[in-house]
Amino acid sequence: MLFFSRARHGFIISILYIEIIGYDVPMKDKHTDNAKVFKAFCDETRLTVLSLLQNGEKCACVLLEKVSIGQPTLSHHMKILVDSGIVNARKEGKWVYYSISEEGSEAAAVLLRELTTVEIDENDRSNERCCEKVVCCSKKTKK
């Protein structure tokens, strides 16, 4: 299992393989961190910004011009993208430059593959038919 986290110095995605190192991360925290990655992809403006960044690093002023939104709105979207690890931010003087993070995009792809891979656990009984003692969807009668 893997999860994403922010490093202390800058925003860097780190992949931790829980089974290998034996570190137990609460499932809620893991899902909360992973949700940040998918949140980055769930908005048309952020997808537009990612498309613009595919051509290389861009200054915030260029993104403002191309996306036609206000500075506070761009800052909000860029914070979500940077917090997800998908985008890197580099400050130079009073300007901030953004670029797609190779590590972040690879980690997002790994996360998507992991979450959508079907793994059958032979000991998991939750896929079996309902218990005979419980009235469930298969035993309901038509009205």
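In what order do the elements of the protein run from the N terminus on? The order is α-α-α-β-α-α-β-β-α. The model is a predicted one. Its secondary structure comprises six helices and three strands.

Overall values were computed for the protein. The chain has 143 residues, and 28% of them count as buried. Its accessible surface is about 10,500 Å². Carbon and sulfur atoms account for 54% of that area. Sequence separation was also examined. Of the contacts between residues at least 6 apart in sequence, 52% join residues at least 24 apart.

Helix H3 spans residues 44-53 and contains Val-49. Val-49 has 0% relative accessibility and is therefore classed as buried. Which residues does Val-49 touch, not counting those up to four places away in sequence? The partners are Leu-63, Val-67, Leu-74, Met-78 and Leu-81. Of these, Leu-74, Met-78 and Leu-81 are buried residues of H5. For Val-49 and Leu-64, the C-alpha to C-alpha distance is 9.5 Å. These two residues are 15 apart in sequence.

Helix H5 covers residues 71-84, 14 residues in total. From first C-alpha to last, H5 reaches 20 Å. This is close to the 20 Å expected at 1.5 Å a residue. The buried residues of H5 are Leu-74, His-77, Met-78, Ile-80, Leu-81, Val-82, Asp-83 and Ser-84.

Ser-68 sits in the loop between helix H4 (60-67) and H5. Its phi is positive, about 60°, although Ser-68 is not a glycine. Is Ser-68 buried or exposed? Ser-68 has a relative accessible area of 62%, so it counts as exposed.

The cysteines were considered next. A disulfide is a covalent bond between the sulfur atoms of two cysteines. How many disulfides does a search of the whole structure find? The search returns zero. Cys-59 is accordingly in no disulfide. The cysteine sulfur nearest to that of Cys-59 belongs to Cys-61, 3.1 Å away. Cys-59 counts as buried because its relative accessible area is 9%, below the 20% cut-off. Cys-42, in contrast, is exposed, at 61% relative accessibility.

Notes
Residues are numbered from 1 along each chain as its sequence is written. This is a predicted model: local features need pLDDT of at least 70, side-chain atom pairs count only at pLDDT 80 or more; totals for chains, interfaces and linings use all residues. Side-chain values use heavy atoms; hydrogens and water are left out. Helices (H or I, at least four residues) and strands (E, at least two) are DSSP runs, numbered from the N terminus. Buried means under 20% relative accessible area, exposed over 50%, partly exposed in between (1.4 Å probe, protein chains only). Contact means heavy atoms within 4.5 Å. Accessible areas come from the Shrake-Rupley method with a 1.4 Å probe; for residues, only the protein chains shown count as cover. The expected span of a helix is 1.5 Å times one less than its number of residues. A disulfide is a pair of cysteine sulfur atoms within 2.5 Å.
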